[in-house]
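Please look at the sequence and the fold below.

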Amino acid sequence: RGERSVMKLVTFFLHGQARLGALLPGEAEQAVVDLNRADGSLPTDMIAFLEAGEAARARAGQVLAAPPPEATYKLADVVLKAPILRPGKIICIGLNYVEHARESRISVPPFPVIFSKYANSVVGHLEPIVIPGAVREPDYEGELAAVIGRRGRRIPEARALEHVAGYLPLNDVSARDWQHRTSQWVIGKTADTFCPMGPALVTADEIPDVQDLWVRTSIGDELLQEGHTSWMIFTVARLIADMSQVMTLEPGDVIATGTPAGVGASRTPPRWLRPGDVVRVEVEKVGLLENPVVAENADD
């Protein structure tokens, strides 16, 4: 288990092909190891790797302890993508911080507020958030996301975190004008590129206490959101236990645990995303996700 404590898993493209990798510790994380090339018994895909469980993680730990040079690449020579390219489920939690509920002028919910995003919205670190021409009120929402590593249904809260493979920063980009056209939020949440995540999936054992992390969102030198996961209304364990009463959670499912106060819609005047912005979502101990904002090309 000690070998797993430094594992930051990534998906990268090399020669146009998606590969499963791990950032190499001790190299200022500027190198990545192709896990399958280093050990042919390991999968090339993140979800397959998570499904393979503890044995695959142990083999990956052995690879990282003595990475073969032919399977090691400079990070600058590959293209990082979202760690999970097409999650089976992207489950999002609304209004999970008291101050965010208040700034949204909505009462604190008695149960988790759950909505979804789809795989079309997924992009990775440094990939652009593309604002559709039809969207006038694009907003940021920096969040901690948990990734399921073990299949489960009716999971007890006391054991819920055992089902988590790891964590990553996520930006629940939202088109507020579309979100609030109806009582159902999904259309405003799942535009193409509106779910940046990454850069790496940090294994759960690297995070001593998931309810003791700072979450910050900034654009340029302006800090827009700063929240602490201890301020969540429903803990990560409670969220997993609750939703697993009615749905099966599977390896690779992503749970975005809600955003703290400070979203653009609640500012005076509102602070919408603009082409040229670079949005940074930083989760303590988990990583820094950065995405430029661009306008959609009318010819796309």
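## Strand 12 and its surroundings

Strand 12 and strand 15 (residues 201-203) run antiparallel and are joined by two bridges. Helices (H or I, at least four residues) and strands (E, at least two) are DSSP runs numbered from the N terminus, and two strands pair if DSSP finds at least two bridges between them. This is a predicted model, in which local features need pLDDT of at least 70, side-chain atom pairs count only at pLDDT 80 or more, and totals for chains, interfaces and linings use all residues. Residues are numbered from 1 along each chain as its sequence is written, and side-chain values use heavy atoms, with hydrogens and water left out.

Strand 11 is also antiparallel to strand 12, with seven bridges between them. The table gives one residue pair for each pairing.

| Residue | Opposite residue |
|---|---|
| Tyrosine 167 | Valine 202, in strand 15 |

Eight of the eight residues of strand 12 are buried, meaning under 20% relative accessible area with a 1.4 Å probe, protein chains only.

Why is helix 7 (residues 236-243) largely enclosed by the rest of the structure? Six of its eight residues are buried: Val236, Ala237, Leu239, Ile240, Ala241 and Met243. Their cover includes strand 6, strand 7 (113-117), strand 11, strand 12 and strand 18.

The largest nonpolar core has 36 residues, and Leu9, Leu35, Phe49, Leu170 and Met197 have the most contacts inside it. Such a core is a set of buried Ala, Val, Leu, Ile, Met, Phe, Trp, Tyr and Cys residues joined through side-chain atoms within 4.5 Å. Another core, of 27 residues, lies apart from it and includes Tyr97, Val164, Ile207 and Ile240.

Definitions and conventions: Buried < 20%, exposed > 50% of the residue type's maximum accessible area, 1.4 Å probe, protein only. Contact = heavy atoms within 4.5 Å.
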